[in-house]
Amino acid sequence: MRAEAGARYDQQGRNGQGGRFAWLGELSLVLLLVVVGILVVSGIGAVLAAVLDAGPSSADSEVFFEDPVADMALQLVGIAIGIPIVLWAARYLGRRPAGTVSSVLGRLRWRWLGLCAAVAVPLIIVQFGVLFAWTWGDESAESTGDGFPGWTAFLVSLAVLAALVPFQAAAEEYIFRGWLVQVIGRVVRSPWPAVVLASLLFALAHGFGELSGFILLLYSALWWGWLVIRTGGLEAVITLHVANNLLAFGLAAGFGELASTETAADAPWQAMVVEFVFAPLYCLGVAWLAKRRGVERVSP
């Protein structure tokens with residue numbers, strides 16, 4: 001059953017199904033399923049590494065595969081499983097169409113997603129360019145990898161990343177900006193408590209690194225959460241997240257840094273300052289574009 005007409009994105013779970021505290025059961029079960037899913041993927045990876053004799057040479061290593069591309073693929077799959085989990089939860093626990101996690105229309109709006117991508121891709125390229133120009137020559141920004149791995153290895157890495165990163169990035173959006181906001185939205189009137197809590201959890205999920213990295217993640221997540229409410233769906237943030245991760249992982253592959261354990265939580269202060277400018281630039285621009293094109297913000 002759908003939410004009533006005029007419901008915001010965060011209110012899509014308000015369909016009158018379940019009891020007053022049903023959202024707690026949905027939240028608890030999904031968290032359990034995510035943990036189990038990650039353990040299952042990790043177990044499969046460990047078995048494959050053992051059968052193929054592809055494990056790390058050191059017994060103390062924290063990776064499953066010696067090949068950084070294979071190990072990265074396993075990590076991306078471990079995150080991507082969040083998509084079917086939250087869609088299943090919306091359908092069978094929330095008793096609503098699974099597509100309402102995508103947008104207020106109950107589906108991904110592919111034309112709108114493509115338009116957002118046309119804005120996000122060049123903007124991310126410019127943002128990375130500004131950051132590289134600013135940090136050029138800094139010791140903290142120097143590559144710590146093995147250097148260019150060769151064209152064959154590089155192209156294989158790009159192919160794997162292109163196939164899996166969109167699902168990994170989308171999964172983070174479906175979990176933090178999508179399903180979690182809607183679950184909390186079942187019991188609070190304003191969308192902002194859900195957006196703030198989900199943004200905080202999103203930042204913490206990337207681990208503990210530099211303070212600048214944590215602020216960058218929290219700041220970005222708050223803007224992205226605002227944009228989801230303003231556009232009535234996840235399309236705009238999915239495209240930006242995918243573009244960001246594809247470029248970041250692609251550069252890491254080119255410099256031989258796929259084995260690095262650093263995340264966005266380790267970002268330097270220069271990246272934080274650049275994000276202070278580009279996050280609102282993208283979100284305000286896309287919100288204006290959505291209003292101009294009449295993109296639905298509430299349930300029809």
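Mentor: Start with a definition: a patch takes residues with over 30% relative accessible area and no salt bridge, and nonpolar side chains are joined within 5 Å. Keep in mind that the model is predicted.

Trainee: What makes Leu32, Val36, Val40, Ile44, Val47, Leu48, Val51 and Leu52 a nonpolar surface patch?

Mentor: These eight names are all Val, Leu or Ile, and those types count as nonpolar side chains for a patch. Together they make about 740 Å². Val47, one of them, is found in helix H1, residues 22-51.

Trainee: Why is the crossing of H5 and H8 called right-handed?

Mentor: The crossing is right-handed because the near helix is turned clockwise from the far one. The axes of H5 (residues 151-184) and H8 (residues 235-254) come within 8 Å and cross at roughly 150°. By class, their contact has 15 nonpolar, six polar and two charged residues.

Trainee: How do you know which residues are transmembrane regions?

Mentor: That comes from an unreviewed UniProt entry, with 148-167 and 267-290 among the spans. Such annotations may be inferred, so treat the label as a record. In the model, residues 148-167 are 85% helix and 0% strand. Residues 267-290 are 92% helix, with end C-alpha atoms 31 Å apart.

Conventions. Residues are numbered from 1 along each chain as its sequence is written. This is a predicted model: local features need pLDDT of at least 70, side-chain atom pairs count only at pLDDT 80 or more; totals for chains, interfaces and linings use all residues. Side-chain values use heavy atoms; hydrogens and water are left out. Patches are made of residues with over 30% relative accessible area and no salt bridge: like charges are joined within 9 Å, nonpolar side chains (Val, Leu, Ile, Met, Phe, Trp, Tyr) within 5 Å. Accessible areas come from the Shrake-Rupley method with a 1.4 Å probe; for residues, only the protein chains shown count as cover. A salt bridge is a side-chain nitrogen of Lys or Arg within 4 Å of a carboxyl oxygen of Asp or Glu. Helices (H or I, at least four residues) and strands (E, at least two) are DSSP runs, numbered from the N terminus. Axes are lines fitted to C-alpha atoms, for helices over the stretch in contact, and angles run from 0 to 180 degrees between N-to-C directions. Ala, Val, Leu, Ile, Met, Phe, Trp, Tyr, Cys and Pro count as nonpolar, Asp, Glu, Lys and Arg as charged, and the others, Gly among them, as polar.
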